[in-house]
Amino acid sequence: MLSGQDPLEWRVRKRWLFSASAFPGSGPGPGLLCARSCSHLCLFAGLPDPRCRPACPLSAVNLTVRPGGGAGRGRRLAAGLEGPARGWGGTGTKMSNRVVCREASHAGSWYTASGPQLNAQLEGWLSQVQSTKRPARAIIAPHAGYTYCGSCAAHAYKQVDPSITHKDEFTIIPVLVGALSESKEQEFGKLFSKYLADPSNLFVVSSDFCHWGQRFRYSYYDESQGEIYRSIEHLDKMGMSIIEQLDPVSFSNYLKKYHNTICGRHPIGVLLNAITELQKNGMNMSFSFLNYAQSSQCRNWQDSSVSYAAGALTVH
C-alpha cells in the first residue's frame, strides 16, 4: 500500500518497529510496521479531521505479526474486533515471541467501533458497485473517514480479485511515500515495476484529491466553471484524465501549474512511472477512474472540502 505523506503537509508523531519483510517471499528485511502509538496531525487544519487526515496505514485492518517475518502473515482480523495491542512495551521497540495485534485506534471515530455494523456498511457500499471485466492490478482509493469516502472507495476495492486477496495467508506491505523529486519517482517506479508485473500482487495507492479552503491554504478558483465546487471538480478531473493517460511527466507538469493539493500525488507518480517501465517492455495496461465525490459542496470562501476519487489499473 502506497500512502502519501508529504512532510510539507503532514506532521507525524510516530513509534515505528522495523521487522517486516520488504516484499512477499523476500525473508526478513527492511519493512515498516506501525507500533501502538501513531497519529498524523494535519498542519493546515491544526486539528485532526476525518475528511482529509490519513489514518495510520494499519489502523483500518488489524494485522497479526510473527517476529522476523512479514507483516500480515496469518489471518486478517476485522477492524474494531480486537482488544489493545499485545506483546510490545510502551516504547514500541521490544519484541516478544507472542503474536502481536495492533489496536484499531480509529474505531469509533473514522469508522464505527461495532464489528457487525462495520461489516454491514462495507457490504452495503460494495453491493452498490459493479465489477469491471478484469481484476485490478492496482487501485487508487481515498483514505478519509468512511462516512465521507466509503461509498467512493468501494468503487476501487470492488475491482479487486477475491481469489487473490481473500486467501487465508497474504502480506500487506505499507509503504509511506514522502516528497519525492521527479527523478526519485522514476527511480522508485522502476524498482516497484517488477512487483507490479506480478499478478499475485495488488498495489493500493492511498490518496484523496483536492483539499480546498482557507484551512488548507488552497483556494484555486476558475470562475468560468461556475460555483466553487464545480471549479474544484474540473480541476480534479483534469488531473484524473492525465492519470488515465498514464503519463507521469504530464501529471508532474499539471501539479506544477495548478498546485492541486492531492495528498498522494507522489505515490501516484511512483505508480505512473512503474507503469511506464512496464509499457516499455510491451505490457498493455489501462487505468480508469470509476467514481468521484466531495465531502461537501463549496459555495463561498468560508467553505472547505476534500475530494475523493476511486480508480483501477487493469492489464490486458
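Analyst: Lys237 is partly exposed, its relative accessible area being 38%, where buried means under 20% relative accessible area, exposed over 50% and partly exposed in between, computed with a 1.4 Å probe on protein chains only. The model is a predicted one, in which local features need pLDDT of at least 70 and side-chain atom pairs count only at pLDDT 80 or more, while totals for chains, interfaces and linings use all residues. Residues are numbered from 1 along each chain as its sequence is written, and side-chain values use heavy atoms, with hydrogens and water left out.

The partner of Lys237 is Glu233, with 2.7 Å from N to O in their salt bridge, a term that requires a side-chain nitrogen of Lys or Arg within 4 Å of a carboxyl oxygen of Asp or Glu. Glu233 is partly exposed as well, at 25% relative accessibility. Both residues belong to helix H5 (residues 228–244), 4 residues apart, or about one turn of the helix; helices here are DSSP runs of H or I with at least four residues, numbered from the N terminus.

By this rule the count comes to 5 salt bridges, and another of them joins Glu187 to Lys184, whose closest N and O atoms are 3.3 Å apart. Because these two residues are 3 apart in helix H4 (residues 182–196), about one helical turn separates Glu187 from Lys184. Glu187 is partly exposed at 43%, and Lys184 is partly exposed at 36%.

In helix H7 (residues 265–280), Lys280 and Glu277 are likewise 3 residues apart, about one helical turn, and their side chains meet in a salt bridge at 3.7 Å, N to O. Lys280 is exposed, with a relative accessible area of 56%.
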